[in-house]
Amino acid sequence: DTEVTQTPKHLVMGMTNKKSLKCEQHMGHRAMYWYKQKAKKPPELMFVYSYEKLSINESVPSRFSPECPNSSLLNLHLHALQPEDSALYLCASSQDRATGTQYFGPGTRLLVL
Amino acid sequence: DAKTTQPPSMDCAEGRAANLPCNHSTISGNEYVYWYRQIHSQGPQYIIHGLKNNETNEMASLIITEDRKSSTLILPHATLRDTAVYYCIVRVPPTGYGGYQKVTFGTGTKLQVIP
């Protein structure tokens, strides 16, 4: 099974809301990633988790808060977002963070009103 | 990271081979070339990667020039489902045990397969 699942597929939230994005993989991968993709742009790395520990934070604003409860799950908690945060949020995993082959989920399309 | 240059768009007739070029003239000796694609509104999909030798898998072939300054991804018999944005990526080599290899996506090539 080489599938990464993400929920929800679509999310609309107001600027004062708190919401969470979820990502799950059952490939035994020990590295998981969050990417952000604006329309007609390539994905941009946000966070890297390695063995459930935050490894890389690409200077992401604190209104985005990642969490890795266990080796299969990755969450992205959202709070006080801005309209410019509207984007496709992609989760990916790889065997470990040194491995170049990443498996991506279908993404959550987020709209902030 | 070594920079990559790809044409912004290409067309290919269905059933014909699609040859997608990538220039990575500043690649260093231990950096791999990876190819991903992203079909509209889906997550990127890994296709293939290589270091020096040509590589082939069930999806595509990767041809890397001898000087490694460029490469070509070949889809041997393009179908309409191959319409996507194709990203050529050069990976920063890991530094030390478990070092991190950042995947930096460029702007990619939008391949349109035409019936």
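Across the interface of chain B and chain A, two residue pairs are in polar contact, both at pLDDT 80 or more. A polar contact is a pair of N or O atoms within 3.5 Å; within protein, one must be able to donate a hydrogen and the other to accept it, and residues adjacent in sequence count only if both atoms are side-chain atoms. The model is predicted: local features need pLDDT of at least 70, side-chain atom pairs count only at pLDDT 80 or more, and totals for chains, interfaces and linings use all residues. Residues are numbered from 1 along each chain as its sequence is written, chains are lettered from A and ligands numbered from 1 in the order in which they are written, and side-chain values use heavy atoms, with hydrogens and water left out.

The contact (heavy atoms within 4.5 Å) takes 19 residues from chain B and 22 residues from chain A. The two chains bury about 1600 Å² between them, 54% of it on carbon and sulfur atoms. Buried area is the accessible area (1.4 Å probe) that two parts lose on being put together, summed over both. Zero salt bridges are found across this interface. A salt bridge requires a side-chain nitrogen of Lys or Arg within 4 Å of a carboxyl oxygen of Asp or Glu.

On the side of chain B that touches chain A, strand 3 (33-38) and strand 4 (45-50) of chain B are the elements that give two or more residues. Strands are DSSP runs (E, at least two residues), numbered from the N terminus. The largest share, three residues, comes from strand 3 of chain B.

Chain B holds an open sheet of five strands in the order 1-9-8-3-4, with mixed pairing. Two strands pair if DSSP finds at least two bridges between them. Strand 1 (9-13) and strand 4 of chain B stand at the edges with a single partner strand each, so one side of each lacks a neighbour in the sheet. Strand 8 (84-90) and strand 9 (109-114) of chain B pair in the antiparallel sense over three bridges. Here B:Val85 stands opposite B:Lys110.

In chain A, four strands form an open antiparallel sheet in the order 1-3-8-7. Its edge strands are strand 1 (4-7) and strand 7 (64-70). Strand 3 (18-25) and strand 8 (73-79) of chain A pair over seven bridges. A:Lys22 has A:Asn75 as its bridge partner.

The whole structure has four salt bridges over all chains. In one, the closest N and O atoms of A:Arg30 and A:Glu52 are 2.6 Å apart. A:Arg30 and A:Glu52 lie in two loops of chain A, so the pair ties together parts 22 residues apart in sequence.
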